[in-house]
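Here is a briefing on one protein model. Please look at the sequence and the structure first, then read the points below.

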Amino acid sequence: MKQVIIDMQGFKRDSQFIPKEVVVLFNEDEYFRFLIRPPCEFCELTRKQQNNVKWLTENFHDLEWMDGTVTYKSVQSFILANVSKNTIVYVKGLEKSRWVEEFLKDEVCVETIDDNITLKKLKEKFPNVKRCAGHSLTCALENVFLIRNYLKYDCE
Ligand SMILES: [Zn+2]
């Protein structure tokens with residue numbers, strides 16, 4: 001079985017998740033990071049949606065709505081080309097794993113890590129994993145390495 005870990009950070013437009021930073025980790029250390037371009041201009045969002053976007057940027061992940069150049073579809077195709085029926089994709093949290101299942105069109109087995117241990121706790125345990133230099137706060141790259149360590153080492 002091939003192990004893949006995926007994490008993503010993004011925005012919400014009403015109830016729809018809009019991915020921005022998507023990181024895929026193959027074989028424990030081979031990672032690919034994508035910044036997906038937005039589905040519309042910032043000014044096309046409603047005032048309320050704009051406020052939600054700004055809040056997430058400033059308080060949660062420091063990623064901008066307009067960041068990114070690759071398309072949603074190209075990221076989807078890349079991942080689908082590199083997984084198979086024998087791949088297990090690990091995702092932390094139920095909401096994210098549902099999104100990944102849909103994103104990967106049910107082509108792979110998605111395993112949800114829904115234990116009590118939070119990413120925050122894992123960060124205390126593994127404070128020096130790789131992360132992006134270009135943004136602060138929550139980082140999908142950091143998250144996949146935290147999840148990797150969680151799967152690799154025994155964590156209570
Ligand atoms: Zn990052």
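This is a predicted model: local features need pLDDT of at least 70, side-chain atom pairs count only at pLDDT 80 or more; totals for chains, interfaces and linings use all residues.

Residues are numbered from 1 along each chain as its sequence is written. The protein has five helices and five strands; helices (H or I, at least four residues) and strands (E, at least two) are DSSP runs, numbered from the N terminus.

**Whole protein**

- Read from the N terminus, the order of elements is β-β-β-α-α-β-α-β-α-α.
- The radius of gyration is 15 Å, close to the 15 Å that the globule rule gives for 156 residues, so the protein is as compact as a globular protein of that length. This radius is taken over C-alpha atoms, and the globule rule is 2.2 Å times the number of residues to the power 0.38.
- The C-alpha trace spans about 45 × 35 × 25 Å along its principal axes.
- Of the 156 residues, 30% are buried. A residue is buried if 20 or more other C-beta atoms lie within 10 Å of its own, exposed if 12 or fewer, and partly exposed in between, with C-beta atoms placed from the backbone.

- The five strands form an open sheet with mixed pairing, in the order 3-2-1-4-5. Two strands pair if DSSP finds at least two bridges between them.
- Strand 3 (30-35) and strand 5 are the edge strands, and each pairs on one side only.
- From one strand to the next, the twist averages 30 degrees. Axes are lines fitted to C-alpha atoms, for helices over the stretch in contact, and angles run from 0 to 180 degrees between N-to-C directions.
- Strand 1 pairs with strand 4 in the parallel sense, over four bridges. Val4 has Val89 in strand 4 as its bridge partner.

**Helix 3**

- Lys96, Val100 and Phe103 are buried in helix 3 (residues 94-103). They lie on the same side of the helix because they cover an arc of only 60 degrees around the axis; the arc is that of the directions from the helix axis to the C-beta atoms.
- These buried residues pack against strand 1 (2-13), helix 2 (72-81), strand 4 (87-92) and strand 5 (109-113). Contact between two residues requires their C-beta atoms, placed from the backbone, to lie within 7 Å.
- Leu94, Glu95 and Glu102 are exposed on the other side of helix 3.

**Helix 5**

- Helix 5 (residues 140-152) lies across strand 1, strand 2 (16-26), strand 3, strand 4 and strand 5. Helix 5 runs at about 145 degrees to strand 1.
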